[in-house]
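Dear colleague,

I am passing on a structure that you have not worked with before, and I would be grateful if you would look through it alongside my notes.

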Amino acid sequence: MAARGPGDQPLPAREATKLPPAAEPETANASALVYNDRGEYLLHLRDYFPGRIWEPGMWSLLGGGREPQDATLEHTVRRELAEEVGLHIADLTPFATEYASDNAGATVPIAIYAGRWNGDPRELQLTEGVMLAWFTPDDLHRLRIADTTSDFVRRHAASFPASTAPQSGLALQEEHRASPHGTVLNVIGVHLYLERFDGTVLLGLRHPDSAFAPSTWHVLAGHCEQENAITCLIREAREEAGLHIERQDVELVHVIHHIDKSGDRPRMGLFFRARTWGGEPELREPDKCTQWKFWDPAALPDDLVPYTRQAIEKIRNGELYSETGWPA
């Protein structure tokens with residue numbers, strides 16, 4: 001959810017400060033200063049709805065307002081990243097606080113968290129706004145962007161070591177050339193097939209507000225970041241369910257190449273079995289998953305992600321590869 005002022009009115013007056021040690025008011029906002037190893041910063045072009053949203057038609061940081069289920073402002077920014085673009089960043093560090101004032105003079109603090117991500121914005125599923133793009137600090141003067149946002153980016157960029165200093169715009173354009181004609185990037189999804197000794201399989205019930213498959217059962221899963229697939233699996237299992245898995249206990253049991261609906265980006269789903277693991281599933285991210293349950297694979301729930309149902313059936317049949325959603 002994008003940050004807004006009371007009554008969805010714009011918040012004109014803004015200033016930046018260092019982050020207070022433990023200031024977490026009930027009414028607050030949080031934003032993510034996402035950067036990569038090339039010294040670029042991820043900015044979000046907001047919808048142009050004057051009078052309805054904050055900073056209409058401007059480039060801004062991803063983020064939004066704190067909600068009752070958010071225990072901390074870090075939970076707020078993580079939830080917003082998941083809801084707005086389906087992005088998870090392992091390490092987010094408090095960086096600064098911005099203050100925005102509404103027309104009534106009320107002050108709304110916005111906590112800024114910095115995090116590194118080296119992915120392609122074109123692979124993210126944007127649910128709010130117009131687009132996402134990487135920019136260097138040298139590009140900011142060409143954008144319609146708040147002065148405080150520019151200041152945050154430049155201040156953070158100044159802390160980069162020389163080896164990761166922002167590159168020139170021309171060099172970045174060379175790196176960001178389009179893929180060869182006919183090439184389509186595929187999203188890599190990593191899935192945990194966790195089967196107990198009695199043959200039951202772990203599924204999680206996705207949160208009703210999830211951008212993907214709300215109120216639907218699904219295996220524990222996540223998108224690869226700047227990491228290999230097994231590292232992603234181990235990280236997601238720990239972060240989402242408190243499960244501890246060792247690399248040597250993981251085996252690939254199925255690959256499904258699928259398209260959810262016509263026009264969507266193709267996806268390659270890797271399903272890994274954990275032969276052994278530590279811990280019992282617990283709700284580590286209740287904003288994503290509301291329940292963990294082991295199901296008999298012969299009696300799976302009706303409201304199950306379709307490609308997950310197919311993958312489980314293929315795994316039980318010993319089939320390593322399948323496809324779904326492609327035109328006949």
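What follows is an account of what was found, going from the whole chain to single residues.

Please bear in mind that this is a predicted model, in which local features need pLDDT of at least 70 and side-chain atom pairs count only at pLDDT 80 or more, while totals for chains, interfaces and linings use all residues. Residues are numbered from 1 along each chain as its sequence is written, and side-chain values use heavy atoms, with hydrogens and water left out.

The chain as a whole

The chain has 5 helices and 16 strands, where helices (H or I, at least four residues) and strands (E, at least two) are DSSP runs numbered from the N terminus. Of its 328 residues, 48% count as buried, a word that stands for under 20% relative accessible area, with exposed meaning over 50% and partly exposed lying in between (1.4 Å probe, protein chains only). The accessible surface comes to about 16,000 Å², and 52% of this belongs to carbon and sulfur atoms; such areas come from the Shrake-Rupley method with a 1.4 Å probe, and for residues only the protein chains shown count as cover. When contacts (heavy atoms within 4.5 Å) are taken between residues at least 6 apart in sequence, 70% of them join residues at least 24 apart.

An open sheet and its helices

An open sheet of 5 strands has the order 12-9-14-13-16, with mixed pairing; two strands pair if DSSP finds at least two bridges between them. Strand 12 (220-223) and strand 16 (321-324) stand at the edges with a single partner strand each, so one side of each is left without a neighbour in the sheet. From one strand to the next the twist averages 25°. Within this sheet, strand 13 (residues 250-258) and strand 14 (residues 267-274) pair in the antiparallel sense over 8 bridges, and Val 250 has Ala 274 of strand 14 as its bridge partner.

Helix 4 (residues 229-241) packs on the sheet, where it touches strand 9 (187-193), strand 12, strand 13 and strand 14, and its direction makes about 125° with that of strand 12. For these angles, axes are lines fitted to C-alpha atoms, for helices over the stretch in contact, and the values run from 0 to 180 degrees between N-to-C directions. Helix 5 (residues 306-316) lies across strand 9, strand 13, strand 14 and strand 16, running at about 130° to strand 13. The buried residues of helix 5 are Tyr 307, Thr 308, Gln 310, Ala 311, Ile 312 and Ile 315, and just after this helix Gly 318 takes a positive phi of about 75°.

The nonpolar core

The largest nonpolar core has 22 residues, and those with the most contacts inside it are Leu 192, Leu 194, Leu 243, Ile 245 and Phe 272; by such a core I mean a set of buried Ala, Val, Leu, Ile, Met, Phe, Trp, Tyr and Cys residues joined through side-chain atoms within 4.5 Å. Strand 9, helix 4, strand 13, strand 14 and strand 15 (289-295) each supply at least two residues of this core, and its largest share, 7 residues, comes from helix 4.

Strand 2 is joined by 4 bridges to strand 5 (residues 62-65), running antiparallel, and by 7 bridges to strand 7 (residues 107-116), running parallel. Ala 30 has Gly 64 of strand 5 as its bridge partner, whereas Asn 29 is partnered by Ile 110 of strand 7.

Glu 40 lies in the loop between strand 2 (29-35) and strand 3 (41-45), and is buried, with a relative accessible area of 1%. Its side chain makes polar contacts with the side chains of Asn 36 (2.8 Å) and Arg 38 (2.6 Å). A polar contact here is a pair of N or O atoms within 3.5 Å; within protein, one must be able to donate a hydrogen and the other to accept it, and residues adjacent in sequence count only if both atoms are side-chain atoms. His 257, in strand 13, is likewise buried, with a relative accessible area of 16%, and its side chain makes a polar contact of 2.7 Å with that of Asn 186.

With best wishes
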